[in-house]
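This report goes through a protein model one topic at a time. Please look over the sequence and the structure before reading on.

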Amino acid sequence: MTGTYLMDVEDDPTTKGEGGRPLHDPVAEVLAFLKGRSVPCPRCAYDLRDIQTARCPECGEPLVLKIGSPRARFGWLVLAMAPGCFSGVAALFVLIPVYMHTRYPSPAAKGVWAVMVADAFGFLSAASVALMYRHRHRFMSWTARRQAAFAGAVWGIHVLVFVLILLALWYSQ
Ligand SMILES: [Zn+2]
C-alpha cells in the first residue's frame, strides 16, 4: 500500500523537490531537514548536520523524520496494563505447583480448585494485556477521563478476584 502511494507521488510533477526527487521520499525528507541544521543522532548523539545518507555516519542507525508530541501521556495505559503483567508472571509460577498436584495428587491439599481458577484468571489477564497493547492507539484516542475509568475498572476487577480467591482459600481449609 505504501509502495503504491509512493509511486503515485512520484508520478505527480507537483510533488517533485530539489533535483527531481519526490518530496515524500523519506530519505529526501531527512536530508533536507538536516541540511545546515545541527541535530544529535537519537542513538549516539553524533552531530548529523549535512549528512548525505539517511543513516548516522557514526553508529549506522537508519534515520527517519517524525512528528513528535510533547504531551503524549501513556500513564493510564501503563496503569491499565500493570495488573495483567503481574498476574501473567504470577500465573506462570503458580503453574508449577498446579502441575505437581496433577502429577502427584495429595488428598491433604485444600483449595486446589481455587488456585487453578486463580491461575486461569492470571493467564486471561495476561492475554488482555496483549489485547490492550494491540489496540493501544484506540486507547490513546480516548479522553483522559475514559482512560482513567478503564484503568480503574481493570484494577477493580483484579482486586475483586484477588479477594474472592483469598476467601475461597480461607473457607476451603
Ligand atoms: Zn549515531
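## Burial

A residue is called buried here if 20 or more other C-beta atoms lie within 10 Å of its own, and exposed if 12 or fewer do. The model is predicted. Of the protein's 173 residues, 10% are buried by this count.

In helix α6, the buried residues are Gln147, Ala151 and Val154. An α-helix makes a turn every 3.6 residues, so residues three or four places apart point the same way. The cover over the buried residues of α6 includes α3 (75-103) and α5 (136-140).

## Overall make-up

The protein has six helices and zero strands. Along the sequence, the order reads α-α-α-α-α-α.

Among contacts in the protein with a separation of 6 or more, 52% join residues 24 or more positions apart.

## Helix α6

Helix α6 covers residues 144-171, a run of 28 residues. Confidence in the protein is highest in α6, at a mean pLDDT of 96.

## The loop between α2 and α3

Which residues of this loop have a positive phi without being glycine? Ala45 is one of them, with a phi near 70°, and Ala45 is found in the loop between α2 (26-34) and α3. Asp50 also lies in the loop between α2 and α3; the phi of Asp50 is positive, about 60°, although Asp50 is not a glycine.

Are these residues buried or exposed? Ala45 counts as exposed because it has 12 C-beta neighbours inside 10 Å. Asp50 has 11 C-beta neighbours inside 10 Å and therefore counts as exposed.

## Confidence

The mean pLDDT of the protein is 87, and 87% of its residues reach 70 or more. Where in the protein is confidence lowest? The lowest value belongs to helix α1 (residues 2-11), at a mean of 43.

Over residues 1-14, pLDDT stays under 50. The model has five contacts beyond four places in sequence for residues 1-14. Where pLDDT is low, the predicted coordinates should not be read in detail.

Definitions and conventions: Residues numbered from 1 in each chain as written. Predicted model: local features only at pLDDT ≥ 70, side-chain atom pairs only at ≥ 80, totals over all residues. Helix = DSSP H or I, 4+ residues; strand = E, 2+ residues; numbered from the N terminus. Contact = placed C-beta atoms within 7 Å. Expected span 1.5 Å × (residues − 1). pLDDT = per-residue confidence, 0-100.
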